[in-house]
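This report concerns the nonpolar cores and the pockets of one protein model.

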Amino acid sequence: MSVEQSSQKVEAQFFDVIQDRRSVRYYDSEVKISREEMKDILQLATLAPSGANLQPWRFLVIDSQELKQKLLPIANSQQQVIEASAVIAILGDLEGYKLAEKVYGMAVDAGYMPEETAKSFVERYQRLFASMSPENVLRKVFIDSGLVSMQLMLVARAKGYDTVPMGGFDQVKFVEEFDIPARYAPVMLIAIGKAVKPGHRTVRLPIEDVTFFNELPKD
């Protein structure tokens, strides 16, 4: 197989993953994703980009049936909560910048940057985030958490699993019932498992309706 043929094959497989992903709401409750495989899915998801590479996403994997039952009313009684193998709560760490020293220290150990560069980055970003308004920190954390969430759903599909993101849940109740510290902002819940019914096919607006070059229309 030529390099070009190999590239085309990889491209086709990638496009299949994107096109086959659906928001699935009916799951085979007998299928359980092992914690080792779950960690592998999440590890691949964390290859998503993040601002200054600070990776403020945190994952609370709820795979206990008892806790999924507890989550059910908080998530507006969406049945996938208890049928899916697990529900992953995506949380944004508002104090994630405090791990800058660890992140850049690992980059030094891996030979990706000089120690002096890492030290300057640590000082810069810790100072920057400490001086930011809570609203700006929250915004940055939500952007990065959205990026990792999409990547997680694509990784799951590539591994033969299905997902559905859920923004419709009582965040206040979730924080209370699951004892979430104030530094973590709930972003979304993602059910993950094996579908028993395919997700509904949906339509997308024509690209001409959502894409503009160099300037937006005036009306």
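The model is predicted: local features need pLDDT of at least 70, side-chain atom pairs count only at pLDDT 80 or more, and totals for chains, interfaces and linings use all residues. Residues are numbered from 1 along each chain as its sequence is written, and side-chain values use heavy atoms, with hydrogens and water left out.

A nonpolar core is a set of buried Ala, Val, Leu, Ile, Met, Phe, Trp, Tyr and Cys residues joined through side-chain atoms within 4.5 Å, where buried means under 20% relative accessible area with a 1.4 Å probe, protein chains only. The largest such core comprises 21 residues, and L71, V81, V87, F174, F178, L189 and A191 have the most contacts inside it. Another core, of 20 residues, lies apart from it and includes A45, A48, L152 and V187. Beyond its neighbours within four places in sequence, V81 is in contact (heavy atoms within 4.5 Å) with K68, L71, L72, A75, V87 and M166.

A pocket is an open set of points on a 1 Å grid where a 1.4 Å probe fits, with protein on both sides within 12 Å along at least five of seven lines; lining residues have an atom within 4 Å of a point. Volume is the space filled by probe spheres set on the points.

| Pocket | Volume | Lining by class |
|---|---|---|
| Largest | about 350 Å³ | eight nonpolar, three polar, two charged |

Of the 13 residues lining the largest pocket, L54, Q55, K102, V103 and M106 lie nearest its centre. The lining of the second largest pocket includes I18, R22, H200 and R204.

Note on methods:
Buried < 20%, exposed > 50% of the residue type's maximum accessible area, 1.4 Å probe, protein only. Nonpolar A, V, L, I, M, F, W, Y, C, P; charged D, E, K, R; others polar.
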